Amino acid sequence: MSFLTIIMRGLWRRPVRTGLTLIGIAIGIAAVVALVGISRGFEKSWGAGAKERGIDIVVSTLSSGLTPKPFSSEVRDRIAKMPEVAMTCSVFVDLTSVESASMMMVSAREWGGFSWNNLKLLSGRMPKDAMEPAVVLGQTAAESLKKKIGDPLQLETKELTVVGIFDGGALVENGSVVLSLPLFQEITGNEGKLNILDVRAAQRLDEAGMRALCEKINATAPEAKAVIASEHIKDSEASKFIRAMSWGTSLLAVVVGVLGVMNTMLMTTFERKQEMCILLAIGWKRGRIRRMILWESALLGFLGGVVGVVIGVAGAKMTEQMPSVHGLLEPDLSLQLVVTSVAISIVVGVVSGLYPAWRSSRLTPSLALQG
């Protein structure tokens, strides 16, 4: 009988108990995959949307909320005059309920601004002017709201007409309701206000150059903060809170898995005491007994990790299709996250097996005579 065979036999001796322990680990790893994947996907979706619009720098007051607070359009005028700035586009973004969708992005953009240029019409047309009571919908938003060209759409207290459906090239864009900024300002009573300013630099800059330009913008307009577009959401307090909550909740579930594995391995040690004593009597070293227990717990952790990854991926995909978040994010289920999750589960198994392995190595061969 090989060393691996003994390890496998030890796990499957009590298949129900082993299975329940494996499920306990799997739930913790599934939480890691789903929650962390969703939080990373949230950041990735917003970053992809900014890239599609050709934004170099984002100026906003984003702090603890999911959307920035409004600020005066005078900020835009000051920044637009800077020689290092080629173009600006005023935007008012809001995450709000729109008819049957409990949460959807509404993106009101400066009429004629460059942030309209990435929207490729699939059907219909763009609004005729800044004050036409019309909206265009991303293809995902149109599916979620079940809207087609010519349908009415209730936004706040105003009924608007869907005049176009577009492909924005990024998930967050395709899940948006887009309309002109002056029209949205009138509907919401935010005349002269915006909450995001998209900025394009006058020349191509490296990361150091972008950061230097951000500092100049911050000095020119201290009411808001300029950051590189790819870091806009990642550096926000809301995003940091979501990441912390995701990892915190996941690790709590992992701790429960640790206790489950430790309990299983301790019970295994007690039940197989005579077997281990006999192995010691026929020449096994105590270190080999410890390795046997650690390998069993590591294998249990690995199997739980694989099952957990499958459950986590399925859970993240199901969450993505929920009406409340459909079109806002796409889980980032990268190979790195999968490997990290399985590695965590193996570490969980090894750590859980340390004490049972130590206990088993303290046995003496004479105990085998007790039956």
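**Close-up 1. Salt bridge between E132 and R125 in the predicted model.** The nearest N and O atoms of E132 and R125 are 2.7 Å apart; a salt bridge here is a side-chain nitrogen of Lys or Arg within 4 Å of a carboxyl oxygen of Asp or Glu. E132 is buried, with a relative accessible area of 15%, while R125 is partly exposed at 30%. Buried means under 20% relative accessible area, exposed over 50%, and partly exposed in between, with a 1.4 Å probe and protein chains only. As the model is predicted, local features need pLDDT of at least 70 and side-chain atom pairs count only at pLDDT 80 or more, whereas totals for chains, interfaces and linings use all residues. Residues are numbered from 1 along each chain as its sequence is written, and side-chain values use heavy atoms, with hydrogens and water left out.

**Close-up 2. Salt bridges of K148 with D151 and of R76 with D77.** The structure holds nine salt bridges. The side chains of K148 and D151 meet at 3.5 Å, N to O. K148 is exposed, at 55% relative accessibility, and D151 is buried, at 16%. Salt bridges with shared partners join R76, D77 and E110 into one network. Between R76 and D77 the closest N and O atoms are 3.7 Å apart. R76 is partly exposed at 23%, and D77 is partly exposed at 38%.

**Close-up 3. The largest nonpolar core.** A nonpolar core is a set of buried Ala, Val, Leu, Ile, Met, Phe, Trp, Tyr and Cys residues joined through side-chain atoms within 4.5 Å. This core has 29 residues, of which I29, M276, W284, I289, M292, I293 and L300 touch the most other members. At least two residues each come from α1 (3-12), α2 (15-52), α8 (237-271), α9 (273-281), α10 and α11 (335-361). The largest share, six residues, is from α2. Helices (H or I, at least four residues) are DSSP runs, numbered from the N terminus.

**Close-up 4. Nonpolar surface patch on α10 and α11.** F302, V306, V310, I346, V347, V350, V351 and L354 form the patch, with about 620 Å² of accessible area together. Accessible areas come from the Shrake-Rupley method with a 1.4 Å probe; for residues, only the protein chains shown count as cover. Patches are made of residues with over 30% relative accessible area and no salt bridge, nonpolar side chains (Val, Leu, Ile, Met, Phe, Trp, Tyr) being joined within 5 Å and like charges within 9 Å. Helix α11 gives the largest share, five residues. V351, in α11, is partly exposed at 41%. V310, in α10, is exposed at 56%. The C-alpha atoms of V310 and A30 are separated by 7.5 Å, although these residues are 280 apart along the chain.

**Close-up 5. Patch of positive charge on the surface.** R286, R288, R290, R291 and R362 gather here. Lys and Arg count as positive and Asp and Glu as negative, with His and the chain ends not counted. The place of a charge is taken as NZ of Lys, CZ of Arg, CG of Asp or CD of Glu. R288 lies in helix α10 (residues 286-320) and is partly exposed, at 30% relative accessibility.

**Close-up 6. Helix α6 and the residue after it.** In α6 (residues 181-188), L181, L183, F184, Q185 and I187 are buried. G189 follows the helix and has a positive phi, near 75°.
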